[in-house]
Amino acid sequence: MVGTRVHWTGALAGSAVLAGALWTPAVGQETVLPEGRWAPVAVRAPAGAQAGRLSQVERRDQAGGALFRAGPARLVLPAVPADVPRRTMTGMAGGVPASRAVGRVFFTDAASGRRSSCSASVVASDSGNLLLTAGHCVYSRGWHRDWIFVPSYDQGKRPFGVWRAEWFVTPSRWITHGRPEDDVAFVKVASSGGVRILDRVGGNGIRPGAATGRRRTVLGYPFLPPYRGDRQHYCEGVTRSEGRRMRMACRLTTGASGGPWLDSYDRSTGFGYIGGVTTNTDLANTTLWSPLLGGDVWTLYRYADQLR
């Protein structure tokens, strides 16, 4: 919408360039990904005093580009654990059970140095430790540090534990330009006690594309009034395309950033197919936006999933 003022629904996004050259992976005989593709930048998740050094670490593709030559996946199915009866889920406003694959993120903001929060969701993957969130939930004028994920966080309760970030992967264009259409990130978390997060809580599938006219369920942890960030909330509506983004009427506020936009959300299990991710809202908190997740998202997905 022309002239609409917006604000980020998590940590504020910046446009500072990451020091050093950004890596662009090879595709076949090419040395640069074609225009319009998301070239991934990966860093080890910073922790405390080491943040300044670790934030400059970049990971090269050890597979020699084979990861990107493979044909794009069309669909990733949700992974639903066998023990997923409704009684294992915590509550959510509106009478809909919370999804155990969606949680609240806590981190130290790179720009302000203060603790902040976003939302994120577990994605079904081979590694079993992959999350999807917004780009500004990992990078905003620097890489956020001390990043943890608490699935199904509920009024201070952590029913499925705390999971620590190991890798951040976001489009290079998000680092260099900070544009909302590139505001996406995958996060690789560490296993906990030898258990993968996918095996602990399950994960949503991915089904990108077809933004216009689709009915979706948005989940997240807004913390500005009338919300407090202590419970999972949702809204449902029909998406509309807007350039390289999509929008939906929704009154969730700051803190909902990184929450999934789910197709075919099953209220009985709390799982669906991710087709978008919350990035920002208007100042009146009436509309949410998401980047259009097209085929380029598989570049980030595959690259993040193979990091060790």
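## Burial of C235 and C250

C235 counts as buried because its relative accessibility is 11%, where buried means under 20% relative accessible area, exposed over 50% and partly exposed in between (1.4 Å probe, protein chains only). C250 is buried too, with a relative accessible area of 3%.

This is a predicted model, in which local features need pLDDT of at least 70 and side-chain atom pairs count only at pLDDT 80 or more, while totals for chains, interfaces and linings use all residues. Residues are numbered from 1 along each chain as its sequence is written, and side-chain values use heavy atoms, with hydrogens and water left out.

## The C235–C250 link

C235 and C250 form a disulfide (a pair of cysteine sulfur atoms within 2.5 Å), with an S to S distance of 1.9 Å. The link is left-handed, at -105 degrees about the S-S bond. C235 lies in strand β11 (residues 233–238) and C250 in the loop between β13 (245–249) and β14 (260–266), so the bond ties together parts 15 residues apart in sequence. Strands (E, at least two residues) and helices (H or I, at least four) are DSSP runs, numbered from the N terminus.

## The C118–C137 link

A disulfide also joins C118 to C137, with S to S at 2.2 Å. The angle about its S-S bond is -85 degrees, and the link is left-handed. The pair connects distant parts of the chain, 19 residues apart: C118 is in strand β4 (residues 115–123), and C137 is in the loop between β5 (130–133) and β6 (145–151). Both C118 and C137 are buried.

## Overall pattern

The structure holds 2 disulfides. Counting bonded cysteines along the protein chain, the pattern is 1-2, 3-4.
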